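Please look through the structure below before reading on. The paragraphs after it go from the core to the domains, then to the chain contact and the confidence of the model.

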Amino acid sequence: MATAVGAVIGMDSNLALQLIIQGLLLGGIYGLIAMGLSLIFGVMGVINFAHGQMMVIAMYVSYWIFVLLGVDPYLSLVIVAAVIFVLGYLIQSAVVNRILDYPEAMQVLPLVSMGLILENLALLLWGPDHRSPQTALSLEALWIGPVMIDVSRLIAFVLAIFITVLIFIFLKKTNIGKCIRAASDNRTGAILVGINVNRIYNASFALGAATTAAAGVLLLPIMPISPYMGHDFTLIAFVVVILGGMGNLIGALVGGLILGVAESASTLFLPATLKHVVSFSILIIIMLFRPQGIFGGKS
Amino acid sequence: MEKKKKMGMDRRTFIKTTGVIGLGVATSSFGVPKLLRAAPTTIKIGSVQPATGPLAVIGVGQRRGNQLAADYINSKGGIKSMGGAKLELLLGDSESKPEVGRSEADRLIKEGAVVMTGPFQSGVAMAISTLCEQRQVPFIMDVAALDQITGKGKKYTFRVFITVTGLLNGAVKYLEHVTSLKGVMPKRAVVTNTADPFGKGMSGGFIKLMEKSGLPIKIVERIQYPLGIQDLSAEVARIKAARPDVLFPVSRPGDSIILTRELYKQRVKLMGIYGPGSPGYYEPGVIKDLGRLIDYVMVNVPWINPKSPVYQQANAAFRKAHDRYLDTNSAYAYTGVLVIADILERAASTDPDKIIAATRQTDFKNHPVVGGPVRFDEKGDNTGALTALIQVQPDQDLFKRVKVVAPKEFAESGQIVFPWPQLWER
């Protein structure tokens with residue numbers, strides 16, 4: 001059997017190409033998830049341990065809209081992002097703003113609890129089943145020669161890049177965006193020039209939440225939802241953020257692409273059970289040799 | 001500040017406990033007519049199932065199966081040899097983890113469970129079995145397949161479910177049956193499995209047995225992935241590269257969905273999917289989500305006996321309560337509690353030794369699953385346990401899409417479709 005495996009790996013370059021494309025497309029969504037986390041960290045310095053769970057809630061909301069009203073996830077994206085924006089705003093103003101001055105170890109707990117609350121809320125509302133409704137495009141595929149391109153992944157990838165660019169422009173050009181960057185640069189300075197920092201924080205957290213919500217909606221046609229999938233994505237987002245550089249948005253996108261390709265291509269050489277070993281090995285290597293991340297400046 | 005650990009019960013605890021018990025007894029007797037109070041005892045059965053975590057769908061079904069059987073027994077007057085004692089199910093949640101399963105079992109035993117059942121996962125079963133042997137509490141497993149759980153001089157561990165060996169023998173037997181019946185023989189095959197103890201043991205054993213079987217099917221690749229995986233596109237790309245004629249997946253609900261959709265998207269040409277024995281392709285949720293893509297998937301699996309009146313009655317009740325059909329797992333969960341009730345009836349006692357003696361004498365025919373009467377051998381395994389071959393077929397009624405196609409005496413449909421029409425040609 002081992003020789004057969006060797007032969008398959010040795011001769012099939014189509015397989016390698018297929019794996020790289022799939023990884024790249026999924027990597028775009030990883031990047032989008034991580035960007036939300038990075039934004040929140042970059043502005044407030046708190047790590048959102050409920051990140052994956054917020055994404056799962058977004059997926060369920062989108063699922064509900066699809067099943068009850070028949071609206072395709074791509075069309076409900078904006079609505080779902082808005083719902084999770086509000087959720088993020090509330091979490092920030094009710095919980096996170098109160099713990100910003102606490103030691104880091106103490107900031108972790110409320111957010112982990114928030115994650116557990118959201119996870120169990122999903123379990124309560126939607127039950128433990130894996131749900132994977134067949135949306136209009138979830139089975140479509142394009143063929144370029146022998147290589148298959150999954151249409152829902154392609155759409156997700158393109159939209160993920162688009163959203164990233166939008167947020168980038170938002171932060172650079174708009175007033176609120178500039179306030180967010182000011183608050184992230186120097187909190188005291190921002191307060192001194194009259195920025196309502198708490199409100200800016202609320203908006204940043206909400207924006208981060210909405211970003212991950214968008215990613216969740218894009219994932220809905222690709223993978224089945226279950227209440228427990230949040231953890232995995234929180235971890236993936238961590239790895240990506242550290243890979244790209246904490247608080248660096250473009251870094252998050254590039255990190256996502258790298259991780260997506262690495263995970264997917266690793267299945268050429270390694271059993272899929274070792275996928276996470278690959279991602280966390282990358283994490284450790286980055287931590288050892290370039291702790292500020294690929295795009296991170298000097299800390 | 002002295003912190004002495006006392007072994008026995010001190011005065012305060014005694015007063016507190018008796019007080020609470022007294023209050024409980026007093027309040028529970030309020031409003032109950034005197035006649036009914038003739039049988040005040042309840043017998044506690046501990047059920048540890050993976051009610052949360054990646055196997056929660058199944059775990060919740062297991063609990064419901066256990067509960068339905070307990071309710072049925074109680075509605076028929078409870079355990080008559082013990083004055084109509086009612087069965088009370090104590091619920092534990094293993095969270096799909098052995099260590100949690102063990103501590104939950106410990107808790108239920110402390111709360112007064114005289115018999116334990118559960119726990120669906122072999123890893124958890126190992127942990128609970130060791131505990132039950134120590135505590136001398138009979139452990140009548142409803143579902144758990146790994147051979148090593150029973151035997152090894154264990155005295156209190158029994159299993160109603162089939163063993164992995166039994167499952168595997170069935171898998172090869174029915175594969176021979178299908179290929180000879182249809183006159184087609186696949187040449188290349190890929191095995192996929194979830195990398196949990198059950199998935200690894202099941203697929204590893206299947207590969208070994210296939211080599212010994214003399215069937216000319218070559219297993220060209222084995223792909224393992226973690227339980228609860230979200231994306232199988234890379235794995236399916238590898239499956240495609242291996243060019244198999246048939247796929248042997250040992251899967252669970254979530255991965256079955258993504259696996260099949262990816263096979264469709266990547267246009268993997270197959271003669272069919274033949275599951276050597278795992279839950280995943282017969283869960284109603286999976287069938288609903290996969291629609292026509294799941295048609296003609298075959299699975300060798302311990303299954304419900306559609307012709308048994310016990311099944312028909314239980315299934316009607318289950319459907320009414322939960323809008324799902326009684327599948328293998330929940331039916332075995334149901335059977336487990338029926339068997340326990342039968343044992344208790346004959347033991348006429350909650351004494352562990354008497355329960356064990358009665359368990360050894362078990363010969364229980366009125367159950368809802370495919371197989372002979374439940375009897376336990378030396379090791380504690382059920383000699384009547386048998387698998388069936390099921391195939392998902394098109395049917396208007398979601399709940400009727402899974403059909404038993406072999407063995408003959410249990411079959412609902414004489415038709416077996418193999419090779420199947422390709423996924424994208426339907």
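**The core and what surrounds it**

The largest nonpolar core has 224 residues, and of these Ala213(A) and Ile390(B) touch the most other members. A nonpolar core here is a set of buried Ala, Val, Leu, Ile, Met, Phe, Trp, Tyr and Cys residues joined through C-beta atoms within 7 Å. A residue is buried if 20 or more other C-beta atoms lie within 10 Å of its own, exposed if 12 or fewer, and partly exposed in between, with C-beta atoms placed from the backbone. H2(A) supplies the largest share of this core, 17 residues. Domain 1 (39-162 + 307-360) and domain 2 (165-301 + 393-425) of chain B both contribute residues, so the core lies between them. Leaving out residues up to four places away in sequence, Ala213(A) touches Met54(A), Met55(A), Ala58(A), Val80(A), Ala81(A) and Ile84(A). Two residues are in contact if their C-beta atoms, placed from the backbone, lie within 7 Å.

This is a predicted model, in which local features need pLDDT of at least 70 and side-chain atom pairs count only at pLDDT 80 or more, while totals for chains, interfaces and linings use all residues. Residues are numbered from 1 along each chain as its sequence is written, and chains are lettered from A and ligands numbered from 1 in the order in which they are written.

The two domains of chain B, whose bounds come from an automatic or database domain assignment, have centres 29 Å apart, taken over C-alpha atoms. Where they meet, 16 residues of domain 1 of chain B are in contact with 17 residues of domain 2 of chain B. On the domain 1 side, H2, helix H4 (122-135) and helix H11 (328-347) of chain B each give two or more residues. Helices (H or I, at least four residues) and strands (E, at least two) are DSSP runs, numbered from the N terminus.

Helix H2 of chain B covers residues 56-75. At 1.5 Å a residue, its 20 residues should span 28 Å, and the end C-alpha atoms are 28 Å apart, which agrees; the expected span is 1.5 Å times one less than the number of residues. In H2(B), 14 of the 20 residues are buried, so this helix is largely enclosed by the rest of the structure. After H2(B) comes Gly77(B), with a positive phi near 100 degrees.

Is Arg252(B) buried or exposed? Arg252(B) has 27 C-beta neighbours inside 10 Å and therefore counts as buried. Arg252(B) sits in the loop between strand S8 (246-250) and helix H8 (253-265) of chain B. Although 194 residues separate Arg252(B) from Ile58(B) in sequence, their C-alpha atoms are 9.5 Å apart.

Between the chains, the contact takes 31 residues from chain A and 35 residues from chain B. On the side of chain A that touches chain B, helix H1 (2-11), helix H2 (13-44) and strand S2 (147-150) of chain A each supply at least two residues. H2(A) gives the most, with five residues.

Confidence comes last. The predictor gives the complex an ipTM of 0.81 and a pTM of 0.77. Chain B averages a pLDDT of 89, and 91% of its residues score at least 70; pLDDT is the predictor's confidence in each residue, from 0 to 100. Where pLDDT is low, the predicted coordinates should not be read in detail.
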